[in-house]
Amino acid sequence: MYDIAIIGAGPAGASAAIFTAKAGKKTVLIDNDKSMTKRAWIENHYGVVETTGPDLVETGKKQAAKFGAELVVGQATNIEKTENGFRIQTDNGTFEAKHVILATGIAVDLAEKIGVKTKPGTEPRIKTIIDVDENGRTNIDGIWAAGTAAGVSVHTIITAGDGAKVAINVISELNGERYVDHDVLKTK
């Protein structure tokens with residue numbers, strides 16, 4: 001069983017996976033390879049002069065894998081509550097996790113199918129978003145949402161930050177205390 005399953009490996013999902021895996025949480029990152037970021041040209045992402053969306057997405061996945069996240073290509077089709085968490089069904093297998101982070105971009109159909117509350121979106125062209133609290137929690141205990149799906153701006157820097165924020169909140173809940181990931185510059 002995984003500690004955390006993240007559905008969607010765009011900036012929000014991959015950022016969440018970087019934090020959860022680096023924190024030592026057993027993480028699976030499930031992606032259908034349909035991120036809207038894959039169509040983007042990016043010049044407004046802090047620390048990146050310019051890049052293509054596909055390159056940013058691939059870099060995020062590589063960073064998450066570096067820390068131990070398991071990457072799975074597949075479409076999540078259902079999520080069911082179990083005694084110890086959730087069972088995520090995909091077209092490429094079934095995975096069990098204690099917590100789920102939905103980072104599905106503009107797609108909220110899976111959330112609606114499993115009873116996660118949604119509401120009208122506020123961003124241009126984003127009709128529906130997942131209803132979350134300030135920490136990223138949905139109405140179903142153990143299911144969280146981050147990024148555009150959770151109502152933040154579609155800009156990659158903002159969705160990536162939201163994914164990290166929600167991941168920190170999930171890690172903190174699993175640990176029973178506030179988690180901070182702060183590396184110190186290594187000197188020679």
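This dialogue walks through a predicted model of one protein chain.

Student: What should I know before reading the model?

Tutor: Residues are numbered from 1 along each chain as its sequence is written. In this predicted model, local features need pLDDT of at least 70, side-chain atom pairs count only at pLDDT 80 or more, totals for chains, interfaces and linings use all residues, and side-chain values use heavy atoms, without hydrogens and water.

Student: How many helices and strands does the protein chain have?

Tutor: Helices (H or I, at least four residues) and strands (E, at least two) are DSSP runs, numbered from the N terminus. Here there are four helices and 11 strands.

Student: At what angle do α1 and α4 pack?

Tutor: Axes are lines fitted to C-alpha atoms, for helices over the stretch in contact; angles run from 0 to 180 degrees between N-to-C directions. Helix α1 (residues 11-22) and helix α4 (residues 156-175) pack at about 35°, with axes 7 Å apart.

Student: Which residues meet there?

Tutor: Contact means heavy atoms within 4.5 Å. From α1, the residues include Phe19 and Thr20; from α4, they include Thr156 and Ala160.

Student: Is histidine 45 buried or exposed?

Tutor: Buried means under 20% relative accessible area, exposed over 50%, partly exposed in between (1.4 Å probe, protein chains only). Histidine 45 counts as buried because its relative accessibility is 12%. Of the 188 residues of the protein chain, 47% count as buried.

Student: Where is histidine 45, and what does it touch?

Tutor: Histidine 45 lies in the loop between β3 (41-42) and β4 (51-52). Not counting residues up to four places away in sequence, histidine 45 touches Leu56, Thr156, Ile157 and Ala160.
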